[in-house]
Amino acid sequence: MNHTSTNTFEYKDRNFGDTESLVVATKPEVFYPTSTTNLLLAAVRKHADPAAATVLDLGCGCGIVAVAMAKVIFSNAKIHASDISAEAVQLTQQNAAAQQVAIDARCGSMFEPWAGMKFDLIVDDVAGIAEPIARLSQWYPPQIHSDAGEDGTRWIVNILAQAPDFLAPRGRIFFPALTLSNEAKIMETAQANFAKVELVTEQWYPLGNDLLPHMSAIEDLAARGMVELKKKGSRWLWATKVYCASKQ
Ligand SMILES: C[S@@+](CC[C@H](N)C(=O)[O-])C[C@H]1O[C@@H](n2cnc3c(N)ncnc32)[C@H](O)[C@@H]1O
């Protein structure tokens, strides 16, 4: 379904035995969840420590990751969420209230709202697509915050550099790296700041009809090492890879 035609998002993952959907409200001013949302949640459900007591959803959009973590994964944890968009934070608060879960939702860039705090688990999903591609894509209409830089790493390299200070000693951060950004630079930063960095899952997708007409601009970015695509037969593919990093 085209997300401009709906004002809800339904989350359900049959691989984990979900029989009912978790439904959250969306609105045009706030990022609409994507396949990365589902992949991140699956990675967290499969690999995160279920005993995590303090959890942060960074770049929460409508709050789907925070709400799903509160409702489905960490029923006893204290859940936090933040976004640079005030509309996103407000919608996260509304979705938390509608689902009757407690979420401490705050507005600010990256870790700004969380000075002095430590988390057992951080799930990062702050905008991370090469800006020229983000703006040509259906994911980032003009009203949605991106500004991730020409290679998509502006926010994530800063987040990975700061995250160790916001993690408890045995804490872990899950983050997606899209090949529609400079994955090598993200990996270099992750390795420099964490003792352990593991690839948890990856999913390849054909380039969508929104981006195909812009192939020459995308090939130019690829030629300059900003993004990476694979050609399979006549199709161009890109991937989301989910990584988990820890200090020990
Ligand atoms: C890929 S969306 C993820 C939203 C949500 N997690 C989901 O799965 O639908 C990226 C989010 O990052 C937010 N964002 C962009 N720049 C940010 C920044 N500097 N700090 C915090 N959030 C930011 C955007 O407003 C957007 O909501």
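Reader: Is Q100 buried or exposed?
Author: Let's start with the cut-offs: a residue is buried if 20 or more other C-beta atoms (placed from the backbone) lie within 10 Å of its own, exposed if 12 or fewer, and partly exposed in between. Q100 has 8 C-beta neighbours inside 10 Å, so it counts as exposed.

Reader: What kind of model is this, and how are its residues numbered?
Author: Residues are numbered from 1 along each chain as its sequence is written. Local features need pLDDT of at least 70, side-chain atom pairs count only at pLDDT 80 or more, and totals for chains, interfaces and linings use all residues, because the model is predicted.

Reader: Where does Q100 lie?
Author: Helices (H or I, at least four residues) and strands (E, at least two) are DSSP runs, numbered from the N terminus. Q100 has a positive phi of about 55°, although it is not a glycine. Its place is the loop between α3 (86-98) and β5 (103-107).

Reader: How many C-beta neighbours inside 10 Å does M110 have?
Author: M110 is not a glycine, yet its phi is positive, about 45°. You can find M110 in the loop between β5 and β6 (119-124). M110 counts as partly exposed because its neighbours inside 10 Å number 19.

Reader: Which residues is F175 in contact with, leaving aside its neighbours within four places in sequence?
Author: F175 lies in strand β7 and counts as buried, with 27 C-beta neighbours inside 10 Å. Two residues are in contact if their C-beta atoms, placed from the backbone, lie within 7 Å. Leaving aside neighbours within four places in sequence, the contacts of F175 are D124, I156 and Y243.

Reader: How far apart in space are F175 and V123, C-alpha to C-alpha?
Author: Along the sequence, F175 and V123 are 52 residues apart. In space, C-alpha to C-alpha, the distance between F175 and V123 is 6.1 Å.

Reader: What distance in space separates P213 from K78, C-alpha to C-alpha?
Author: P213 lies in the loop between β8 and α7. With 9 C-beta neighbours inside 10 Å, P213 counts as exposed. P213 and K78 are 135 residues apart in sequence, and C-alpha to C-alpha their separation in space is 45 Å.

Reader: At what angle do helix α1 and helix α2 pack?
Author: Axes are lines fitted to C-alpha atoms, for helices over the stretch in contact, and angles run from 0 to 180 degrees between N-to-C directions. The axes of α1 (residues 35-47) and α2 (residues 64-73) are 11 Å apart, and the two helices pack at an angle of about 35°.

Reader: Which residues of α2 make the contact with α1?
Author: On the α1 side, the contact is made by T37, L40, L41, V44 and R45. On the α2 side, the residues are I64, V65, A68, M69 and I73.

Reader: Why are the buried residues of α6 on the same side?
Author: The buried residues of helix α6 (residues 183-193) are E183, I186 and A190. The arc is that of the directions from the helix axis to the C-beta atoms. These residues share a side of α6 because the arc they cover around the axis is only 60°.

Reader: Which residues are closest to the ligand?
Author: Here a residue is near a molecule or strand if its C-beta atom, placed from the backbone, lies within 6 Å of it. The ligand is surrounded by 20 residues. The closest are P33, T37, G59, G61 and I84.
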